[in-house]
Amino acid sequence: MRLALFEPDIAQNAGTMMRLAACLGLAVDLIEPCGFIVGDAKFRRSAMDYLDRLDLARHRSWTAFEAERRARANPGRLVLLTTRAEERYIDARFAPGDTLMVGRESAGVPDAVHAAADLRVRIPMQPGLRSINVALAAAMVIGEALRQTHLFAEGSA
């Protein structure tokens, strides 16, 4: 299972998600451009020393990411976390080869990226509220996906 960050805007959120992925044994796809310099102080402070333990692939664009993902022996499904989805993440069925993708904090993903997803899931929220922090949303959905697929890291509780 993988986590893809689509053009993240906020260094702290990206660092937090990368730290989470390292701890849980997920590879990360960083789809650039980012709204910050990878390696800046805020990013490194959030990721702490976990970046050295992270399986990170940087992609210069959405097009490059998709080409590389589809070229993999088993590309799996692209699962987009989005407020525009009909299906709730708790009702979705996840698979070990899935790539879970989050969008930019400021704008989500463009329509073309939204349309390219094999599955789109949302987190149910109270009416009138816009969104959950992207790092928290990623943690919620990753937790459910790992629970369903029994892919939790060895030695975890």
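## Helices across the sheet

Let's start with helix α1 (residues 11–24), which lies across β1, β2 (27–31), β3 and β6 and runs at about 170° to β1. Helices here are DSSP runs of H or I with at least four residues, strands are E runs of at least two, and both are numbered from the N terminus. Angles go from 0 to 180 degrees between N-to-C directions, using axes fitted to C-alpha atoms, for helices over the stretch in contact. Helix α5 (residues 134–149) lies across β1, β4 (78–81) and β6, at about 160° to β6.

This is a predicted model, where local features need pLDDT of at least 70, side-chain atom pairs need 80 or more, and totals for chains, interfaces and linings use all residues. Residues are numbered from 1 along each chain as its sequence is written, and side-chain values use heavy atoms, without hydrogens and water.

## The sheet itself

Seven strands form an open sheet with parallel pairing, in the order β3-β2-β1-β6-β4-β7-β5. β3 (56–59) and β5 are at the edges with a single partner strand each, so one side of each has no neighbour in the sheet. Strands pair if DSSP finds at least two bridges between them; β1 (residues 2–6) and β6 pair over four. Look for A4, opposite M101 in β6.

## A look at D98

D98 sits in the loop between β5 (87–88) and β6 (99–102). Its relative accessibility is 1%, so D98 counts as buried (under 20%; over 50% is exposed, in between partly exposed; 1.4 Å probe, protein chains only).

Leaving out residues up to four places away in sequence, D98 touches M1, R2, R77 and V79, where contact means heavy atoms within 4.5 Å. The side chains of D98 and R77 make a polar contact at 2.8 Å. Such a contact is a pair of N or O atoms within 3.5 Å; within protein, one must be able to donate a hydrogen and the other to accept it, and residues adjacent in sequence count only if both atoms are side-chain atoms.
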